[in-house]
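Hi,

Here is the structure I promised to pass on. Please open it alongside this note, which covers the ring contacts.

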Amino acid sequence: MKKLYVLLLVALTVGFQACTEKDNTIDAVLDGVDSGAVLRTLSIISGEVPLGTEGAGFAVEVEEQDSQDGALLDNVDVFVAFTDNSPENGDASKSEVALKTVGRDAFTEGPFGLPRGVIDASLDEILGALGLQQGDLFGGDAFTVRLALNLTDGRTFSVDNAGGIITGGFFNSPFQYTATVICPIPDTYLTGMYLLEEITPYVDGPTFDDGSVTEVFVGDFSTERYFLTSNYPDYCTTPNDFRFTLVCGTVVVPIQESNCACGSGADYFGPSDNPASYDLTDDSVFLLTFENDVQSDCAPPEDTTYRLTKQ
């Protein structure tokens, strides 16, 4: 099996020029929403639902924009659904239900003259609307929170009638969010310098920098961890981040890319059917088991395990 080195060169060119023509990029974007409205995500204040934690819930700060600079804002309807990702104990999934309506008076004028507000929902509110109990929840389960923006002229905008130019990019107005149920862990847990050792047979050489010391960091959310390492260092030496999530005692490796593969490298590493576990009382040594080459890009998939020892 031969690995082909995938080298990505990203060229960033930043320039400033006078914008006098109507066909520049931002004008094209704004033209696309002249007659619509968006709820731009300013920050996700709480996007995780920690089990057993008082005050848990979901919260996002948004800014409303319409063709009249926010004057058309009437209210925002909030809907919620539940996906049970641990159905072995019985599937408690629930279809979407209406949660509440957030009125115009919950918004205040922001620095650009547009209405800004925080839309939140406590875990108790969400469970009550869905008819669930705390005991129905387990790490990895997820709530879907959907927003519907109602205008004073009778129109409504949500995820079903917002194009890609609205949901991502400049406006970042997805109208829909996922709040994952987690088991809380300390910020310092499984962080710091660790020795990487591959303890399963090599797949055409080591998968990572076997025998090296690397630093493990907290990721994009509190239960995510990642470290930088080469993928297949016998062929490629450019570091790549490898991410995993700590889900209530289980180390879960999500689908992610490799920067060294026979093809595109997309969806290369992924979850194992036999994931490793972790102990919140001891982070001196832990195992990381994942499926290698999920898509059979270079060879049939097989599990790879690394042992990480704190230095």
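Two rings of Phe, Tyr or Trp count as a pair if their centres lie within 6.5 Å. Keep in mind that the model is predicted. On that cut-off, a search of the whole structure gives 18 aromatic pairs.

Start with Phe227 and Phe242. Their rings sit 5.7 Å apart, centre to centre, with 40 degrees between the planes.

Next, Phe269 and Phe290. This pair is edge-to-face, at 5.5 Å between centres and 80 degrees between planes. Here too, distant parts of the chain are linked. Phe269 is in strand β18 (residues 269-271), Phe290 is in strand β19 (residues 285-292), and 21 residues separate them. Phe269 and Phe290 are buried.

Which cluster do these rings join? Ring pairs link Phe227, Phe242, Phe269 and Phe290 with Tyr194, Phe208, Tyr232, Phe244, Tyr268, Phe286 and Tyr306.

Two arginines are also worth a look. Arg146 lies over the face of Phe79, 4.3 Å from the ring centre.

Over to you.

Key:
Residues are numbered from 1 along each chain as its sequence is written. This is a predicted model: local features need pLDDT of at least 70, side-chain atom pairs count only at pLDDT 80 or more; totals for chains, interfaces and linings use all residues. Side-chain values use heavy atoms; hydrogens and water are left out. Rings of Phe, Tyr and Trp (its six-membered ring) pair if their centres lie within 6.5 Å; planes under 30 degrees apart count as stacked, over 60 as edge-to-face and the rest as tilted. Helices (H or I, at least four residues) and strands (E, at least two) are DSSP runs, numbered from the N terminus. Buried means under 20% relative accessible area, exposed over 50%, partly exposed in between (1.4 Å probe, protein chains only). A charge sits over a ring if NZ of Lys or CZ of Arg is within 6 Å of the ring centre and within 35 degrees of the ring normal.
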